Amino acid sequence: MDNSNVEQSYSGKKVTEIIGISYRQLDYWTRTELVVPSIEKGEGSGRRRRYSYKDLLKLRVIKNLIDGGIKIEKIRKIFDYLKDGLAEDVTKVNLVISGNKTVLVQSGDELVDILKKGQGVLNILPLATVKEEVDSAIIELHPDNVDTGDVTQVATGS
């Protein structure tokens, strides 16, 4: 059987290790639909949640925003905005959060322009580093489950 097209999935326990959150946090974010497991929702008797690599990226962004002092209600609005306004790869943009405003910045020139006009930026989250953080944690915590290129393959969909 060829498993090259089968997407890698992660259990809740592995997700908490990779992202650096408690199972309680993960469970809360899942039950309140901040993040919904893409592979298996875990509904029904004996079924377990299974998260995709893209879910890991989203969870890492959520953790980074919370670590940066952003409230969960604002994070929900940010993800609604990202879902509606972002057609490209999320790791190629930056989020700029200033007061009650969140701006998606797709280039360095745009970022400079926003900073010139802005009132002082609360937080800038370069999403490209999120991918690197997740990839490093996967390799470090579960090297036996990753052979060369697996993480990149999953990330690019190759």
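Analyst: Let's start with one residue. Thr30 lies in helix 2. Keep in mind that this is a predicted model.

User: Is Thr30 buried or exposed?
Analyst: Buried. Its relative accessibility is 9%, and buried means under 20%.

User: What is Thr30 in contact with, leaving aside neighbours within four places in sequence?
Analyst: Val35, Pro37, Arg49 and Tyr51.

User: And how far is Thr30 from Lys41 in space?
Analyst: The two are 9.0 Å apart, C-alpha to C-alpha. In sequence, 11 residues separate Thr30 and Lys41.

User: Which residues of helix 2 are buried?
Analyst: Leu26, Asp27, Trp29 and Thr30. Helix 2 itself covers residues 23-31.

User: Where do those buried residues sit around the helix 2 axis?
Analyst: They fall within an arc of 165° seen down the axis, so they line one face of helix 2.

User: Why does spacing along a helix matter here?
Analyst: An α-helix has 3.6 residues a turn, so residues three or four places apart point the same way.

User: What does the face turned away carry?
Analyst: The exposed residues Arg24 and Arg31.

User: What follows helix 2?
Analyst: Glu33 does, with a positive phi near 60°.

User: New topic. How do helix 1 and helix 3 pack?
Analyst: Their angle is about 50°, and their axes are 10 Å apart. Helix 1 and helix 3 are therefore oblique to each other. The crossing is right-handed.

User: Which residues make that contact?
Analyst: Helix 1 brings Val15, Ile18 and Ile19. Helix 3 brings Leu56, Leu59, Arg60 and Lys63.

User: What classes are they?
Analyst: Five are nonpolar, two are charged and none is polar.

Note on methods:
Residues numbered from 1 in each chain as written. Predicted model: local features only at pLDDT ≥ 70, side-chain atom pairs only at ≥ 80, totals over all residues. Heavy atoms only, no water. Axes fitted to C-alpha atoms, helices over the stretch in contact; angles between N-to-C directions. Helix = DSSP H or I, 4+ residues; strand = E, 2+ residues; numbered from the N terminus. Parallel < 35°, antiparallel > 145°, perpendicular 65-115°, else oblique. Left-handed = near helix turned anticlockwise from the far one by under 90°. Contact = heavy atoms within 4.5 Å. Nonpolar A, V, L, I, M, F, W, Y, C, P; charged D, E, K, R; others polar. Buried < 20%, exposed > 50% of the residue type's maximum accessible area, 1.4 Å probe, protein only. Arc of directions from axis to C-beta.
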